Amino acid sequence: MPKATWNGAVLAESDQTIVVEGNHYFPPNAINKEYFQESETHTTCPWKGIASYYSIAVDGQVNKDAAWYYPSTKEKAKNIEGYVAFWRGVKVENN
């Protein structure tokens with residue numbers, strides 16, 4: 001089952017991830033919200049839409065903008081709307 005970890009904490013775990021462009025997108029109900037902080041960062045993907053970001057905070061350390069999601073996707077990416085993906089040192093393993 002795919003699991004996202006950083007700094008010893010399990011950020012998300014689900015067997016319902018969707019892989020897009022090599023990234024596991026985790027369903028919103030699979031993330032451990034206690035580690036997530038809203039970010040003001042936004043980026044735009046030409047076919048997915050506007051991404052929003054979370055910073056990850058674990059044991060006093062913050063990984064800025066280490067998770068992203070598309071709150072409202074373009075039509076071709078509706079299957080990942082609201083799903084969360086990771087980068088910047090967050091390890092995603094399929095156990």
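View 1. At 8% relative accessibility, Ser52 counts as buried, because buried means under 20% relative accessible area, exposed over 50%, and partly exposed in between, with a 1.4 Å probe and protein chains only. This is a predicted model, in which local features need pLDDT of at least 70, side-chain atom pairs count only at pLDDT 80 or more, and totals for chains, interfaces and linings use all residues. Residues are numbered from 1 along each chain as its sequence is written, and side-chain values use heavy atoms, with hydrogens and water left out. You will find Ser52 in strand E6 (residues 49–58); helices (H or I, at least four residues) and strands (E, at least two) are DSSP runs, numbered from the N terminus. The side chain of Ser52 meets that of His42 in a polar contact of 3.3 Å. A polar contact is a pair of N or O atoms within 3.5 Å; within protein, one must be able to donate a hydrogen and the other to accept it, and residues adjacent in sequence count only if both atoms are side-chain atoms. Leaving aside residues up to four places away in sequence, Ser52 touches Thr41, His42, Ala67, Trp68, Tyr69 and Pro71, where contact means heavy atoms within 4.5 Å.

**View 2. Tyr25 and Trp68, an aromatic pair.** A search of the whole structure finds six aromatic pairs. In the pair shown here, the ring centres of Tyr25 and Trp68 are 6.0 Å apart and the planes stand at 90°, so the pair is edge-to-face. Rings of Phe, Tyr and Trp (its six-membered ring) pair if their centres lie within 6.5 Å; planes under 30 degrees apart count as stacked, over 60 as edge-to-face and the rest as tilted. Tyr25 sits in strand E4 (residues 23–25) and Trp68 in strand E7 (residues 61–69), so this pair links distant parts of the chain, 43 residues apart. Both partners are buried: Tyr25 has a relative accessible area of 1%, and Trp68 has 10%.

**View 3. Trp68 with Trp87.** Trp68 also pairs with Trp87: their ring centres are 6.0 Å apart and their planes are at 80°, so this pair is edge-to-face. Trp87 lies in the loop between strand E8 (84–86) and strand E9 (91–94), so the pair ties together parts that are 19 residues apart in sequence. At 37% relative accessibility, Trp87 is partly exposed.

**View 4. An aromatic cluster.** Here Phe26, Phe36, Tyr54, Tyr69 and Phe86 come together in one aromatic cluster.
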